[in-house]
Amino acid sequence: MRTEQPERKGMRVLAVANQKGGVGKSTFGVHIAFRAAEQGYRVLLVDVDEGDISEVFPEVEEDDETPYLKSSQLFSGELNGQNPREVYEGISLIEADVEILDVDDMPLDVIMGLRESLTKFAADYDLCIIDTPPNLQRRMLGALTAADGVVTPFDISPFSLARMPKLLATVAGVQGEYNPNLRHLGFVANRVNSKSSNEVRALPELREAYGDMLFDEVVIARACISTALAQGHPVWHRARSGNQRLAAKEMRQACDEVLSRLGMN
Ligand SMILES: Nc1ncnc2c1ncn2[C@@H]1O[C@H](COP(=O)(O)OP(=O)(O)OP(=O)(O)O)[C@@H](O)[C@H]1O
Ligand SMILES: [Mg+2]
């Protein structure tokens with residue numbers, strides 16, 4: 001349910017990033033979009049990965065021949081007057097196309113294109129969320145260069161934890177070279193196996209190491225999260241079973257914390 005229109009403060013840009021795959025970047029990106037749209041924000045979702053986000057929303061209707069804007073055009077700057085596609089009340093999408101994959105092979109200055117192109121939508125949206133690929137190449141650097149804030153979902157696997165410092169070094173590099181205004185909003189533990197004593201034990205240790213950078217909110221692994229997205233809605237939509245209600249509460253709280261750290265609520 002949408003609430004009243006919030007006060008407008010200009011478009012904020014959020015990147016969801018972790019160079020590790022399968023940690024919940026797209027899942028979070030979409031849930032944050034639903035949550036912000038419910039709060040009355042106009043949301044622009046940008047997929048610079050490989051199209052996972054598009055799976056959540058309805059396809060372009062058969063008789064709709066509008067040439068909607070695709071994410072490779074944001075990097076090239078060839079917008080041609082094309083626009084994002086509205087896919088849900090309050091959410092518009094710029095889908096990934098095949099050409100987006102070429103961006104990682106282009107000269108480094110391609111990363112500035114995304115930031116530049118997004119400024120053209122600053123009056124039309126309150127929040128832009130960029131879903132990124134699981135590596136530290138051009139598309140991810142472009143997203144960080146365009147962003148005000150970056151949030152990092154992670155899972156508690158040794159591989160994932162070992163990569164956290166590398167991501168922070170990349171963020172620091174982007175802050176120094178391209179985007180002094182970028183803020184790392186924090187790490188949010190996702191897909192946590194509540195039955196694994198190793199995973200449960202790891203959380204207080206991580207809190208010690210990362211302090212406030214680690215969100216208090218934790219999202220436990222629950223199949224209803226992927227089921228909800230496969231059905232085109234957030235996990236809190238018509239949550240009935242105990243599991244659904246717990247997943248809904250955790251995901252909503254985590255999304256609210258992201259929006260709060262971004263200065264939006
Ligand atoms: N809390 C959770 N509980 C259960 N399943 C989850 C949870 N979070 C994400 N998933 C599932 O885990 C898989 C990976 O999630 P997702 O695609 O969001 O990760 P990603 O980081 O975007 O991956 P990639 O790097 O490949 O783009 C998906 O099938 C998703 O539905
Ligand atoms: Mg993804």
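Begin by selecting D126, which is buried, with a relative accessible area of 3%. Here buried means under 20% relative accessible area, exposed over 50% and partly exposed in between, using a 1.4 Å probe and protein chains only. The structure is a predicted model, in which local features need pLDDT of at least 70 and side-chain atom pairs count only at pLDDT 80 or more, while totals for chains, interfaces and linings use all residues. Residues are numbered from 1 along each chain as its sequence is written, chains are lettered from A and ligands numbered from 1 in the order in which they are written, and side-chain values use heavy atoms, with hydrogens and water left out.

**Stop 1**

The term salt bridge denotes a side-chain nitrogen of Lys or Arg within 4 Å of a carboxyl oxygen of Asp or Glu. Helices (H or I, at least four residues) and strands (E, at least two) are DSSP runs, numbered from the N terminus. R42 counts as partly exposed because its relative accessibility is 26%.

**Stop 2: further salt bridges**

Across the whole structure there are nine salt bridges. Select R35 and D256 next, whose side chains form one of 2.7 Å, N to O. This bridge connects helix α1 (residues 25-38), which holds R35, with helix α8 (residues 242-261), which holds D256, across 221 residues of the chain. Are R35 and D256 buried or partly exposed? R35 counts as buried, as its relative accessibility is 15%, whereas D256, at 22%, counts as partly exposed.

Then move to R85 and E95, where a salt bridge spans 3.0 Å from N to O. R85 belongs to strand β3 (residues 85-88) and E95 to the loop between β4 (91-94) and α3, so this bridge ties together parts ten residues apart in sequence. R85 and E95 are both buried.

**Stop 3: strand β4 and its neighbours**

β2 and β4 run parallel and are joined by four bridges; two strands pair if DSSP finds at least two bridges between them. Which residue of β4 is the bridge partner of V43? It is I91. β3 and β4 pair in the antiparallel sense, over three bridges, and here E86 has S92 of β4 as its bridge partner. The hairpin of β3 and β4 has two residues between the strands, and G90 takes a positive phi near 85° there.

Now display the side chains of β4. In a regular strand, side chains alternate between the two faces of the sheet. I91 and L93 lie on one side of β4, S92 and I94 on the other; all are buried, and both faces are covered.

**Stop 4: helix α4**

Select residues 138-146, helix α4, which is mostly covered, with eight of its nine residues buried. Among the buried residues are R139, M140, L141 and G142. The buried residues of α4 pack against several elements, including β1 (12-16), α2 (71-76), β6 (149-154) and α5 (158-177), contact being heavy atoms within 4.5 Å.

**Stop 5: ligand 1**

Centre the view on ligand 1. Of the 18 residues around the ligand, K25, S26, T27, N190 and R222 come nearest; a residue is near a molecule if one of its heavy atoms lies within 4 Å of it. A polar backbone atom of S26 is 2.9 Å from an oxygen atom of ligand 1, and a backbone N or O atom of G22 lies 2.9 Å from an oxygen atom of the ligand. From the side chain of D49, a polar atom lies 3.1 Å from a ligand oxygen atom. The protein buries 78% of the 630 Å² that ligand 1 exposes when taken alone.

**Stop 6: two loop residues with positive phi**

Most residues other than glycine have a negative phi. Select N80, in the loop between α2 and β3: its phi is positive, about 50°, although it is not a glycine. With 61% relative accessibility, N80 counts as exposed.

Finish at R238, in the loop between α7 (223-230) and α8. R238 has a positive phi of about 50° and is not a glycine; at 58% relative accessibility, R238 counts as exposed.

Terms used. Polar contact = N/O pair within 3.5 Å; in protein donor to acceptor, adjacent residues only side chain to side chain. Areas by Shrake-Rupley, 256 points an atom, 1.4 Å probe, with all protein chains shown as cover.
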